[in-house]
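The sequence and the structure are shown first.

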Amino acid sequence: MFKFRKGQRKRSKSDIPDAVVNGSGTAGPGQAPSPGHTLSSLPRMTAVEPLPLFKDVSKSERHTLFLRKLQLCCFQFDFTDTLKSARQKEIKRQTLLELVDFIQSGMSKIPEAYLGEMIKMVGINIFRPLPPAAHESASAPEGADPEEVEDYMEPSWQHLQIVYELLLRYVVSSDTETKVAKRYIDHSFVLKLLDLFDSEDSREREYLKMVVHRIYGKFVVHRPCIRKAINIIFYRFIYETERHSGVGELLEIMGSIINGFTVPIKEEHKLFLIRTLIPLHKLKQLSLYHQQLSYCMVQFVDKDYKLGDIVVRGLLKYWPLINCQKEVLFLGELEEVLEAMQSAEFQLCMVPMFRQIARCVNNPNFQVAERALFFWNSEHIVGLISQHRQVVLPIMFEALEKNIQSHWNTEVHGLTVNVRKMFVEMDSALVEECERQLQEKEAMAGEVEEQREMKWKKLEEAAAEKG
């Protein structure tokens with residue numbers, strides 16, 4: 001409900017000003033509309049001219065001046081040409097700065113409907129068609145990697161930044177009442193904000209991240225809407241476009257949201273983990289957002305350690321086959337997940353997991369092999385391995401022996417020797433048994449090879465006799 005000051009009557013819907021339109025009219029510098037007027041009733045502005053400062057008018061005129069400044073800020077300019085309308089652009093920029101200061105200093109005294117007009121002005125400025133992505137433009141080289149394209153700089157940022165700052169100040173202000181503000185910052189407004197995350201200007205995405213994060217925290221009514229909309233953006237990115245500039249920032253917001261989940265975790269959130277977060281690992285642009293994605297995954301396991309098995313199997317499902325850089329990322333994430341796992345969940349996935357780790361230990365790329373051997377630097381992981389060494393060591397032993405005998409990298413060789421020593425200290429009898437089994441396996445392999453060669457020799461002799 002609205003709060004009213006003494007003597008203030010409740011407004012009817014007809015009292016709330018209409019939406020601000022681009023270039024809509026306002027009084028000239030010498031004209032002072034009465035405080036009761038709305039934006040739609042003010043005289044039309046035909047040119048952008050300086051308006052008086054708030055400090056230069058009486059208190060009774062400031063609210064009307066606030067409306068006039070809002071209307072001035074609704075004018076749009078062509079920022080691709082820096083010289084075009086330079087004076088008018090500077091007037092608008094200075095006016096935006098004044099509005100930011102005015103909001104910060106006395107927002108509680110501004111009529112509620114006027115604040116609604118301010119949000120409409122914000123929308124007019126920031127909600128716009130985004131330019132084509134750099135990789136989609138006609139000048140982009142064919143097959144250009146989006147990771148290698150130069151950072152895009154929004155030409156109108158000198159104005160946009162102040163508009164975003166104004167919105168952020170309004171959202172975070174202790175004077176902002178959510179019951180009132182949600183009439184203007186509604187579902188439609190929030191969805192349009194989320195659409196802007198595809199902006200290629202990282203500065204804009206950073207402001208959007210702060211604003212949406214604050215809206216999520218303050219406007220409880222918008223939380224399901226925001227989660228669903230972000231999920232849809234991720235679905236389109238994974239299954240349709242494979243192109244989106246703001247995945248990292250959206251994941252950062254989701255990481256904070258996941259951190260606030262209550263336990264037990266709802267089924268809706270578990271489905272988000274399984275259907276969205278885990279498949280995000282398969283995209284070739286993973287390196288651009290992996291840090292934020294890994295944080296989200298680990299947060300789920302921290303919240304509910306029983307999800308550890310699901311997360312590990314999800315990583316194994318999308319494990320890269322020929323991309324060493326991605327393998328290093330996966331190994332780092334897997335280690336963080338294992339740090340949060342308990343013995344029961346570790347036991348469920350340890351066989352497929354250590355088969356993959358064994359393959360990584362034998363990888364000729366030293367970065368992959370080294371990163372896999374670093375697992376034994378973690379006391380928690382070594383503790384889990386020790387509890388289940390009867391299963392883990394037989395899987396790992398052959399890979400360790402192979403490295404000691406033939407890996408080309410001295411660092412990898414040294415780390416492998418250290419890991420083998422740790423297993424000897426854990427259970428020397430088990431190591432001896434694994435050695436014996438490996439010797440038997442090699443002997444059997446030798447016999448099979450001999451038999452194969454004998455068969456080939458007989459075939460060659462028979463062919464020679466016929467020839």
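## Packing of H10 and H11

In this predicted model, helix H10 (residues 267–277) packs against helix H11 (residues 286–303) at an angle of about 145°, and their axes lie 11 Å apart. The crossing formed by H10 and H11 is left-handed.

On the H10 side, the contact is made by His-269, Phe-272, Leu-273 and Leu-277, which meet Leu-293, Cys-296, Met-297 and Phe-300 of H11. By class, the residues of this contact comprise 7 nonpolar and 1 polar, with no charged residue.

## Packing of H14 and H15

Helix H14 (residues 343–361) and helix H15 (residues 366–373) have axes 7 Å apart and pack at an angle of about 135°.

The contact of H14 with H15 consists of 7 nonpolar residues, with no polar and no charged ones.

## Overall architecture

The protein contains 19 helices and 0 strands. Of its 467 residues, 46% count as buried.

Contacts between residues at least 6 apart in sequence were also examined: 72% of them join residues at least 24 apart. The accessible surface of the protein amounts to about 24600 Å², and carbon and sulfur atoms account for 52% of that surface.

Methods: Residues numbered from 1 in each chain as written. Predicted model: local features only at pLDDT ≥ 70, side-chain atom pairs only at ≥ 80, totals over all residues. Heavy atoms only, no water. Axes fitted to C-alpha atoms, helices over the stretch in contact; angles between N-to-C directions. Helix = DSSP H or I, 4+ residues; strand = E, 2+ residues; numbered from the N terminus. Left-handed = near helix turned anticlockwise from the far one by under 90°. Contact = heavy atoms within 4.5 Å. Nonpolar A, V, L, I, M, F, W, Y, C, P; charged D, E, K, R; others polar. Buried < 20%, exposed > 50% of the residue type's maximum accessible area, 1.4 Å probe, protein only. Areas by Shrake-Rupley, 256 points an atom, 1.4 Å probe, with all protein chains shown as cover.
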